[in-house]
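Please view the sequence and the model together before reading on.

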Amino acid sequence: MNSRELLKKFPIISEQINKPKLQVILEILERLIMAKIPGDVVELGCYKGTTSLFLQRLLKLTDKKLYLYDSFEGLPEKTSFDMSTAGEQFKPGELSVSKKMLAYEFKKANLDLPFIKKAWFKDLTPADMPKNICFGFLDGDFFDSISDSLKLCWPLVSNNGVLVVDDFSNEALPGASRACHSFFNQRSDYKFNTSAGLGIYIKK
Ligand SMILES: C[S@@+](CC[C@H](N)C(=O)[O-])C[C@H]1O[C@@H](n2cnc3c(N)ncnc32)[C@H](O)[C@@H]1O
């Protein structure tokens, strides 16, 4: 089933992602699969699996594996880069679900359980990650969360592989785009575009 059919057939189980964003995410992954870009798929900040379920559905007939990471304790503390009057609802501990609840969503959807790791992103090392990344969805909301995710994932991204950063254009979560600018500022090994408010980084 292709990404459009998947989006028609299956429900979006939380408000953490909307249909236009999912469409972009799944179409990018679909293109990478067709182009045989090597590596697996990661999501840093998976919450209850709203996006992860769709990623796993798309990966069903491929040899790529899905790797999910979350504190399962909700959001960490904000830093000064995250401050925005539009984003006061995003507080430490918000968006907390258990690993068990996430696993249950995969069971309910009749999907194979992906690799799931409970950790703060700052504590992850390359040993916790797949060897190569073909596609990554970074959705940790805050400056440090996205910075830590980029530092960890970008060196593992295959040529022509892609990292998609959520909340790139979200004024309630300014830390996400600030982390991207600060990370990519000194680099030249990427192409950038944006769609549906997502930041899309393609490895050159
Ligand atoms: C917006 S939610 C993710 C939504 C999910 N991607 C989806 O599509 O449903 C953000 C998640 O990131 C996690 N998170 C944020 N910063 C983190 C960090 N530094 N380390 C670990 N988890 C983090 C939170 O626990 C939360 O579950």
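This is a predicted model: local features need pLDDT of at least 70, side-chain atom pairs count only at pLDDT 80 or more; totals for chains, interfaces and linings use all residues.

Helix 2 spans residues 19-34 and comprises 16 residues. From its first C-alpha to its last it reaches 22 Å, close to the 22 Å expected at 1.5 Å a residue. Its buried residues are Lys21, Ile25, Leu26, Leu29 and Leu32. Because these cover an arc of only 120° around the axis, they lie on the same side of helix 2. The face turned away from this buried side bears the exposed residues Lys19, Pro20 and Met34. Just after helix 2, lysine 36 adopts a positive phi of about 55°.

Helix 5, residues 143-153, is largely enclosed by the rest of the structure, because nine of its eleven residues are buried.

| Helix | Buried residues | Packing partners of the buried residues |
|---|---|---|
| Helix 2 (residues 19-34) | Lys21, Ile25, Leu26, Leu29, Leu32 | helix 1 (3-9), strand 1 (40-44), helix 3 (50-59), strand 4 (133-138), strand 5 (157-165), strand 7 (198-203) |
| Helix 5 (residues 143-153) | Phe143, Ser145, Ile146, Ser147, Asp148, Ser149, Leu150, Leu152, Cys153 | strand 1, strand 4, strand 5, helix 6 (174-184) |

The ligand is surrounded by 21 residues, of which Gln16, Gly45, Thr50, Thr51 and Ser145 are the closest. The shell around the ligand consists of nine nonpolar, nine polar and three charged residues. Ser145 is also one of the buried residues of helix 5.

Definitions and conventions: Residues are numbered from 1 along each chain as its sequence is written. A residue is near a molecule or strand if its C-beta atom, placed from the backbone, lies within 6 Å of it. Ala, Val, Leu, Ile, Met, Phe, Trp, Tyr, Cys and Pro count as nonpolar, Asp, Glu, Lys and Arg as charged, and the others, Gly among them, as polar. Helices (H or I, at least four residues) and strands (E, at least two) are DSSP runs, numbered from the N terminus. The expected span of a helix is 1.5 Å times one less than its number of residues. A residue is buried if 20 or more other C-beta atoms lie within 10 Å of its own, exposed if 12 or fewer, and partly exposed in between; C-beta atoms are placed from the backbone. The arc is that of the directions from the helix axis to the C-beta atoms. Two residues are in contact if their C-beta atoms, placed from the backbone, lie within 7 Å.
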